[in-house]
Amino acid sequence: MYHPQSPVTSTLTAITVEKAIAAIETAADEIPADDFISYSTILDVHLSYALEFFNREEQAKLLQALEKTLKTHDELAKNIAWDLVSVLLPFLDAPPQTEATVAGAAFLSDTLTEIASTCLFLAAYKGSPREVFLKILQALSSLSFTSSSASSPDEEEPEEFPLTPTTPHRTPNEARENGYRKLRLLIMLLTTIHSRITTAFPSRFLSQSLTTLLRTFTRSVESLNKEDVEDIISRLLVFVDSVQPAKSKRQRRMTQPRLGVDGRPTLPPRSSTAGVGGIQQIPDIAKLELINDEDAEAKEARLEKEEKEKIEEDLQIRLLQSFVSHIVEVYILRCPSEYARSPVQSAARLEPPTPSGASPSRGINLHLASNYLKKNRFLSGGKIDSEKSVLTATPSPTVWKEILDMAYQLSISTKELQELSISPEVEEDVEEPRTPIGTLGATPRYAEDIPLSKNGSLILLASRIFEQESIIPAKLRLFPEHSKIVYKYLGKGSGPQDIGILDAVLFLGAWALAEGGGFGDTPQETEVGEEGWLMYLQTFALLSATSTSPLTRLLTHDLLEKTIHSHPDEAARLAYIKDTLEHCPFESLKASIIGILKDEISAATSAEAGDKPSLFASPLLLDELSQFLFPNLSDILDQESDSAAAEEAKWDWFIENYAVILATSSLWYFLLKREYQGHKGVCGIEGWGERIEGRWLGKLRAWLDDVAADEELQEQIKKRGLDADVDIARCSFDMVDEVRKEVAAASA
């Protein structure tokens, strides 16, 4: 038997590429086919040696010889294919990048990579499908997207084998790119292998594949950049399409009717009951007689077989549905919007490198809410340019369309998406930790055991409604349906950080009000209750006050305002406004609520409202809210300012309450200026002038006038950048005084 000397143990002259080629070719010819283990050992030794000590050109020559051997020795290729997966994968690594290659295209496929890929595909085509299948799953599970720690410099090689390895330490960017290369190829190999596996239960193999792919994809998203993630998604969708049972594929329905030359929808093609040439097709009597003559036992066996096939097909479809829904979740919630690139990648893609240590911003924003409101003119301005500052990314239109098409092809029903999004979460006791598509270590037996992704379902539902792809099977109203969605996805504190989830929730709320079931049932009279009503409002109020995104603040405020105004009970609306003004710790939200209060008063005193009595047009309104709108400022502003600390406290209060001061002043101006039932002034504001002047406006004006007259204080506020704020506040107070005089003169 042939036994070449191993370079690992030999102390002789180093092996050359010619010797290595001769060794694997000779061994292939001399070793019997049934002794493939010996050949596999020889091949492993020479390929490992080549990977460590040969340059890329020599490695390519060796793999070319291996490719030739695999093509000419079919039986040998079949027997050793399982071992080639792990041995050849390291040859897919991109060549180390140096300064000389920065100007050129980075990480492009080279000869060595192409030959290694060819050898792997030969293994997939010729090897035992089940053995290669297991090796591919093992390779996917062990795939790394980060660089390993460099070996210790203190380690010395034995003097009797003084060879220097040519494989350099990989940088993080190179390790990330190598993991990306391998993942792409392994997905294609897995697609090939699945087409060759013959089994009565394909779901058992499919379950393992999808679980492994989802885990690996989730890990890859933490390291890859957005473009690479989207490329991997496209390849995963190709895999899903290839393994889906052919007769279950659903053709995508056009979202818009096809128009004829006259601009009207074209008529459907005529169908005829006649066959080819106008001759009616006659049923095959022989087949009918064969079915009728089938005995009871054969019929029972046939029906049982068909039932098992149906269960198996449903199981496969459900696995794929669950997989796609989880891909949506990982992509929308975890995909990096920007990632630090290496200088090589930046040069090749004409992008500046991100500073070292910068972490990526994660999450894809579909902009469903802003685009919907802008498209329907419910919101002026639409998408805000400053949104770019929060580093949120938008999806690739091509990739997102592929995902929606696949969800439709797999018959993921809109009804199920809606029910899953609305239904409360049920905590189940499971003995083993669950994966997104079943329990670890076990293949689900029935389709009902496989859940869709909670987050992915919500995003798919919102996208379908936005694209007008299907009719909503049940009404979607603010209460109770949308309030249940808000509680499920945002009520537990985990949702607001996920821009994709928040965008979907905001869009569904806007759509429900405009085109869905509207406001729905009065919360206080349903299972939602008073607590649910307040929780719903407080969720969006908090986001409108604390979100770092200008667009999110705008959209949440818009939904908050419309929800409050849509409640049929004025007392409930007023109670929430009062509660917010009294207890809310965020001054920006108080200012926002004052603006909503102004809108409520405007609606109640408009011409459309007529003479209908309203709390928001009654003097009772100021009786309820005056102590919160116009509080007594004596304790704050009447303090002696002899000490610097006292003056500093006043300015701290002014800065914190500046938005509320301007909003309150604007509200007072509006109450005085508004005409209602033939005269100016609403809510009995004309009777409140002296009281507001004495405890609120007069205190503020006197203090700011003193500041304006003191040159030293003027210098201090200029240094703090508050001079413009002071001028705006004083100007606002002057405008209120002018209107007060007009109203007083008109009354006289």
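Helices here are DSSP runs of H or I with at least four residues, numbered from the N terminus. On that basis, Ser411 sits in the loop that joins helix H15 (397-409) to helix H16 (414-422). The model is predicted.

**Backbone geometry**

- Most residues other than glycine have a negative phi, and most peptide bonds are trans.
- Ser411 is not a glycine, yet has a positive phi of about 60 degrees.
- With a relative accessible area of 34%, Ser411 is partly exposed, because that class lies between the limits of 20% and 50%.
- His367, also not a glycine, has a positive phi of about 55 degrees.
- His367 belongs to the loop between helix H13 (343-348) and helix H14 (368-375).
- The relative accessible area of His367 is 4%, so His367 is buried, the cut-off being under 20%.
- A cis peptide bond links Phe479 to Pro480, with omega near 10 degrees.
- Pro480 is placed in the loop between helix H17 (454-466) and helix H18 (481-489).

**Negative surface patch**

- Asp706, Asp710, Glu711, Glu712 and Glu715 form a negative surface patch.
- Helix H28 (residues 711-719) supplies the largest share of this patch, three residues.
- Glu711, one of the patch residues, lies in helix H28.
- Glu711 has a relative accessible area of 68% and is therefore exposed, since exposed means over 50%.

How values were computed. Residues are numbered from 1 along each chain as its sequence is written. This is a predicted model: local features need pLDDT of at least 70, side-chain atom pairs count only at pLDDT 80 or more; totals for chains, interfaces and linings use all residues. Side-chain values use heavy atoms; hydrogens and water are left out. Patches are made of residues with over 30% relative accessible area and no salt bridge: like charges are joined within 9 Å, nonpolar side chains (Val, Leu, Ile, Met, Phe, Trp, Tyr) within 5 Å. Accessible areas come from the Shrake-Rupley method with a 1.4 Å probe; for residues, only the protein chains shown count as cover. A salt bridge is a side-chain nitrogen of Lys or Arg within 4 Å of a carboxyl oxygen of Asp or Glu. Lys and Arg count as positive and Asp and Glu as negative; His and the chain ends are not counted. The place of a charge is taken as NZ of Lys, CZ of Arg, CG of Asp or CD of Glu. Helices (H or I, at least four residues) and strands (E, at least two) are DSSP runs, numbered from the N terminus. Buried means under 20% relative accessible area, exposed over 50%, partly exposed in between (1.4 Å probe, protein chains only).
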